[in-house]
Amino acid sequence: MEIELTVNNISGLHSRPAGKLVNTAVKFKSEIMLYNGDKTANAKRILSLLKLGASKGSRIKIVIEGEDEEEAMVEIKRLFYNNFGE
């Protein structure tokens, strides 16, 4: 499954929202990858996410593959739609 979402929180995907994303992603068996231009990140690794350089307005492609991909997609979308609680 894949979707493209926009980072809308003011500070972008900095350490706090990246941590929330990691905490959500590790609950699932599926592989969860994020793409920002030519940069790729594993959603289960905070340093990987921080290297994406995703600022406010960045369009992030999210690809989820695995047995619980639908549930994972619901939770990841919820984080983005709620601006990571910020």
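Helices are DSSP runs of H or I spanning at least four residues, numbered from the N terminus. In this predicted model, helix α2 covers residues 46–50 and contains leucine 47. Leucine 47 has a relative accessibility of 60% and therefore counts as exposed. Leucine 47 also belongs to a nonpolar surface patch, together with Ile46 and Leu50. The accessible area of the three residues together is about 260 Å².

Four salt bridges are present in the structure. Side chains of opposite charge can pair when their charged atoms come close. One of the bridges joins glutamate 86 to arginine 16, with 3.2 Å between the closest N and O atoms. This pair links distant parts of the chain, its members being 70 residues apart. Arginine 16 sits in helix α1 (residues 15–25), and glutamate 86 in the segment after α3 (69–81). The two partners fall into separate accessibility classes. Glutamate 86, at 41% relative accessibility, is partly exposed. Arginine 16 reaches 53% and is classed as exposed, because the exposed class begins over 50%.

A further bridge pairs lysine 29 with glutamate 67, the closest N and O atoms lying 3.7 Å apart. Lysine 29 is in the loop between α1 and β2, whereas glutamate 67 is in the loop between β4 (59–65) and α3, so the contact ties together parts 38 residues apart in sequence. Both lysine 29 and glutamate 67 are exposed.

Arginine 78 and glutamate 75 form another bridge, with a closest N and O separation of 2.6 Å. Both residues lie in helix α3. They are three residues apart, which means a separation of about one helical turn. Arginine 78 is partly exposed, with 42% relative accessibility. Glutamate 75 is likewise partly exposed. Its relative accessibility is 28%.

Tyrosine 35 was examined for its contacts. The residue belongs to strand β2 (residues 31–36). Its relative accessible area is 28%, so tyrosine 35 counts as partly exposed. Leaving aside residues up to four places away in sequence, tyrosine 35 touches Thr40, Leu52, Arg59, Ile60, Lys61 and Val63. Tyrosine 35 and arginine 59 are 24 residues apart in sequence. In space, their C-alpha atoms are 8.6 Å apart.

Key: Residues numbered from 1 in each chain as written. Predicted model: local features only at pLDDT ≥ 70, side-chain atom pairs only at ≥ 80, totals over all residues. Heavy atoms only, no water. Patch = residues over 30% accessible without salt bridge, like charges linked within 9 Å, V, L, I, M, F, W, Y side chains within 5 Å. Areas by Shrake-Rupley, 256 points an atom, 1.4 Å probe, with all protein chains shown as cover. Salt bridge = Lys/Arg side-chain N within 4 Å of Asp/Glu carboxyl O. Helix = DSSP H or I, 4+ residues; strand = E, 2+ residues; numbered from the N terminus. Buried < 20%, exposed > 50% of the residue type's maximum accessible area, 1.4 Å probe, protein only. Contact = heavy atoms within 4.5 Å.
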